[in-house]
Amino acid sequence: MEKKKIISLTGYVTRILLMAFIGVFILLAAALFLFQLMIQSSMIAPANAGETAARGEIERLKQLNKFPDDLQPSYYDFVYFDQKNQVIASSLSGDKLKQEIDKYTPDNDTYSTGAYVQFDDGSRCLLSWTYTAQFTNETLRRILPSAELIFIIGTGLALVLFFLLYTRRVSQKLREKLVLVEAASQQITAQNLEEPIPTSAGIREFNETLQSMEDMREALKFSLLQQWEAQQQRKQEIAALTHDIKTPLTVVNGNAELLLEDKLDQEQRNLVQAIYHSGSKAKQYVGALQQLSNFEVVNEEKEPLSIDHLIHELNESLTPVAQSKGINLDYHYNQDLQQIVGSTYMLTRALISIGENAIRFTHSGTVNIQVTQTKNETHFIFEDHGPGFSKEALQHAKEMFWQQDKSRTPDSNYGIGLAIAEKAAQLHGGRLVLENTDDGGRAVLVVKNSTKTQ
């Protein structure tokens, strides 16, 4: 493969200007050559054709010593005056005739583009010409401007067309090089760090920019890889640590339960009960932390999921919780809803967290669960009949480990359920919306119908 020649930006611009100059020169040379060719082929009379014809006619009139009846001017004009200076005949008329008479008065002066011929009878004839190339065809000469003006206009239009086409061509070439920089920027923005960035645009400054972006890609890839590895290691260590902590806590709680079965005085019983309750609370916190770690470590491939399957998984988990509080679950959705593409674990865990939250704050009655779809999104809507979200909760309930006011938050809530649901929604191109209704609170999990497989 031939190696692309690299030049500087200054050299590239100089080459553009040089090519433009050469193009203009060639175009003008071609126009002049065509003009001369038309003169040689007698399609156009040269600029001095009028003077040549008029000078010849002047000599003939001097020999005749009178105005002839067969005067037929070509490339020149004439005006014939009688003894009283009245116009008897002319090749001109109207304003042109008046302008011609005014221009060549008095008749005893010498003019470069006209001359008088005096006759013995006192009459005279003015012959005038212009130094302008003209068409030899009389019809063309009558209906068109002079050949020189046509040549100038034609050459000007040709130059304009040349510059338009040349500018378009140069712009296209520059755009092709700028597209490389734009594509590299979009590649980095999209975090597509595996594919190398092309660094050859043919211009040194462009190449240096692309090379800088390639170096940035490599550095960013290395940095993100290290960060991801560190995060994964930390999450796995937390998951392992929480698992290991649960064992001694279980032993502590088990021994405390055994001690409570023995005969103890009141002070001893209070101490053992404090140990038991503290151990139970610690186990709950460790369980919440383990739940969070498991969710963040998961790396599940996305796949097509039916709404019916997700609702079935949700109902399996929520029914025991709802029955324990005497609460009904009321589902509303069409069986023909289209599938969505997502992670089974993430979506079901998010839906269960929202459902448990709705049941937790419904004292009696029904939790309504509805699924609707638009062209691009699927909405999972949970409505409870509780006290609703406080103003502070609407702002912070989706934050990790946030505890809302005690009037709504039971002791078993550690502020991770809605945070997990929010993260799952974001990983599926959607969002979690919290709001209040007349009867309680509403949480809406919104996901894209189709997301790229990760």
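**Close-up views of a predicted model**

**View 1. Arg217 and Glu218 are joined by a salt bridge.** The side chains of Arg217 and Glu218 meet with an N to O distance of 2.6 Å; a salt bridge is a side-chain nitrogen of Lys or Arg within 4 Å of a carboxyl oxygen of Asp or Glu. The model is predicted, so local features need pLDDT of at least 70 and side-chain atom pairs count only at pLDDT 80 or more, while totals for chains, interfaces and linings use all residues. Residues are numbered from 1 along each chain as its sequence is written, and side-chain values use heavy atoms, with hydrogens and water left out. Arg217 is buried at 2% relative accessibility, whereas Glu218 is partly exposed at 39%. Buried means under 20% relative accessible area, exposed over 50%, and partly exposed in between (1.4 Å probe, protein chains only).

**View 2. A salt bridge links Glu377 to Arg431.** The N to O distance between these two side chains is 3.1 Å. The pair connects distant parts of the chain, 54 residues apart: Glu377 belongs to strand E11 (residues 377-383) and Arg431 to strand E12 (residues 431-436). Helices (H or I, at least four residues) and strands (E, at least two) are DSSP runs, numbered from the N terminus. Glu377 is buried, with a relative accessible area of 14%, and Arg431 is partly exposed at 37%.

**View 3. Glu435 and Arg442 form a salt bridge.** Their side chains meet at 2.9 Å, N to O. Glu435 is partly exposed at 28% relative accessibility, and Arg442 is partly exposed at 22%. The structure holds 9 salt bridges; elsewhere, Glu57, Arg60 and Asp70 are linked in a network of them.

**View 4. Thr362 lies in a loop and is buried.** The loop runs between helix H9 (344-360) and strand E10 (365-373). The relative accessible area of Thr362 is 0%, so this residue counts as buried. Leaving aside residues up to four places away in sequence, Thr362 touches Lys325, Ile327, Val367, Asp384, His385 and Gly386; contact means heavy atoms within 4.5 Å.

**View 5. The largest cavity has a volume of about 50 Å³**. The count comes to 1 cavity of 30 Å³ or more. On a 1 Å grid over the protein atoms alone, a cavity is a set of points where a 1.4 Å probe fits but cannot get out, and a pocket is an open set with protein on both sides within 12 Å along at least five of seven lines; lining residues have an atom within 4 Å of a point. Points are joined across faces, edges and corners, and a volume is the space filled by probe spheres set on them. Of the 10 residues that line the largest cavity, Asn357, Ala358, Asp384, Phe389 and Ala443 lie nearest its centre. H9 and strand E13 (441-448) each supply at least two residues of this lining.

**View 6. The largest pocket holds about 810 Å³ of space**. Tyr75, Tyr76, Asp77, Leu92 and Gln134 are the closest to its centre among 26 lining residues. Elements that give two or more residues to this lining include strand E2 (76-81), helix H3 (94-103) and helix H4 (138-143). H3 gives the most, with 4 residues.

**View 7. The second largest pocket holds about 480 Å³ of space**. This pocket is lined by 11 residues, and Gln191, Leu193, Leu224, Leu225 and Trp228 lie nearest its centre.
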